[in-house]
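Hi there,

Here is the structure I promised to pass on to you. Have a look at it first, and then read my notes below.

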Amino acid sequence: MINGKKIIALCASRIYDPQIYGFIKTLHETLQADNCALLIFGINSDIYWAEDMNPAETYIFDLMPYEELDCIMIMDEKIKSHRVSSRIISRAKETSVPVIIIDGSYEGTHHVNFDYEAGFEEITRHVIERHHARHPHMMAGLPNNEFSDRRIDIFKKVIAENGIPFDDSMLSYGDFWADPTRDAMREILKRDRLPDAIICANDIMAINVNDMLQEAGIRVPDQVIVSGFDGFDEVFFSTPKIATSSCDTILLAEAAGSAALKLMNHESIGDTYITPRLIPNESCGCTEHNWNALNMMASFNNNFYRHQDDTRILYDITSNMETSDTLWDMAASIHNHKTKNSLTVVDMNIFDMEENYFMTSPEKHPTPNFHIINDADYAEEHRFDRIPLPDELFYDKTVNDKESVLSGNFRDRIIELMDSGFPLVFNALDYMDHPFGFNCYFYRELVITNYSRSAIVTSAISMGIGGFVNLQYQRRLLEKVDEMYRHDSLTGLYNRLGFHKVFDAFATQEENFGTPITVIMSDLDGLKFINDNFGHAEGDRAITAVATALKDACPNGAMCARFGGDELFAVLLGDCDPQSIVPEIDRNLGRIEKEWNLPYSVAASSGFFTTTLEAGFEITKALKQADTEMYKIKTKKKA
């Protein structure tokens, strides 16, 4: 409970589906009347009971604030993964949060389910007993799937009670989906004798069976009756309209909301079962049942055209995010009228460019550090400045290692949005199957077009942030490669290529003409002696010592280089005092000799030459002049 509100989390999939949206709308209205807040944690795809799958977007269920929830609802049949649902239930048990399973059954939880067996039996009996089908065929779902197997058993039971013997030729598998159903129908259409009815385990399969029959010139229902199950809106746009049994999500939502309120009031409840409603229609030979087809068609058309518009704009948002130069610019690029009512929170570790987060195994990821990087409300208020957040939030350096949507510098903001009276929707942000944060949607009106947009906005922002990180990492790699090619590997000073790239850029700019230039040349004394008596590794150390002494003695901005061997030089731009720099080199060498514990004495001879930058200036002549001065010093030392 927060601020006197009881908090209910709904775990769902594809909230933009009309049935699930209708469930959410009714559930919210039921709960709101009792001063409850609804938080929706959603994924945007079905897992279809493929338990070896663990999509990154299911990470959103790990971000639920379990310790602060009063009840959790899981739409098990929509998520379609026992592994995911069990993971949520296990976390809930750790924090003693009651769990209501919607369309499923798990030990230690409360259940609100459709009585699928009763509903499927009713539509099956309608075809067999009302329309007297004597050679029926069953288009089942997935092999060895509990939902499909139960419907097969009901089919066998009903035909047996009507004196129709079952054999394996009466059963095909359409996997609950279009393409497998069409493959199965191609085999059925090869038969010499077609069934007089095809009873399908769901509506998607029924629609495709109907299409395949009519493409083959077979009349429905005159020659073959077709029935479905579920009550999807699409059955009312098929020709003929499909007979089905409707699983009314409104009734399911009301029952789930009532059960949640009782649980939170510490009342005992039993399992609830709701019988689907039979909808006879043209495909079985009954009169046309329109439902609310005209209203749905208008809604579909509206969503279709909005989708085209949204896709183009969100593509541009993603591109702008990916190609931004800074994190601030990337975050500011999120803001658009298509991303209104959204808040973006990410793990700031993904912006560490020393290692690509998305190319690293998740087991090696550091502890998450979640921070908010964009709030559409704030950006809307400051849209002309493209400000993603106040500085104190955007540049907040505190560490938030708690994986929850109610933590960190966004907790107060989420609670504020929760108090608005509308459900909050949470989607995980992921890229290359690596989750890295979440988006929160705070739509201030319950309309399906908003919910349908959330999936593509989440995808666009995920791709934008992931692409930004990848491009920034590539730039960092290029910088490292460039540094490697521009710097001497032994001393870290510029090599010949690096020096000329930097110096030539300065020397060719007309505004720099007239600038004093000083060249200091330093040469290690006695390199052969060191190599012969202490080895070439020590000779390299001695060269590095001179390079370090030269660089430390020069002011910032000096271009220090090694073209090879033991000759090193520095080019200083502007006024300087080389008379004081040269003895500083010698003092630095004395210090380094002690600090590095060198087993020999290290010394260098240094000379300098000062001139002025003019058009056509040749640095090689200045270097040669400084080299001449250096050899004068070395000759004196030898004498």
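Of its 639 residues, 54% count as buried, meaning under 20% relative accessible area with a 1.4 Å probe, protein chains only.

Please keep in mind that this is a predicted model, where local features need pLDDT of at least 70, side-chain atom pairs count only at pLDDT 80 or more, and totals for chains, interfaces and linings use all residues. Residues are numbered from 1 along each chain as its sequence is written, and side-chain values use heavy atoms, without hydrogens and water.

The chain has 19 helices and 20 strands (DSSP runs numbered from the N terminus: H or I of at least four residues, and E of at least two). Its radius of gyration, taken over C-alpha atoms, is 37 Å, well over the 26 Å from the globule rule for 639 residues, so the chain is more spread out than a compact globule. That rule is 2.2 Å times the number of residues to the power 0.38. Along the principal axes, the C-alpha atoms fill a box of roughly 125 × 65 × 50 Å.

The axes of α14 (residues 448–486) and α15 (residues 496–507) come within 6 Å and cross at roughly 105° (lines fitted to C-alpha atoms over the stretch in contact, with angles from 0 to 180 degrees between N-to-C directions). The two helices are therefore roughly perpendicular (65 to 115 degrees).

Enjoy exploring!

Conventions
Parallel < 35°, antiparallel > 145°, perpendicular 65-115°, else oblique. Buried < 20%, exposed > 50% of the residue type's maximum accessible area, 1.4 Å probe, protein only.
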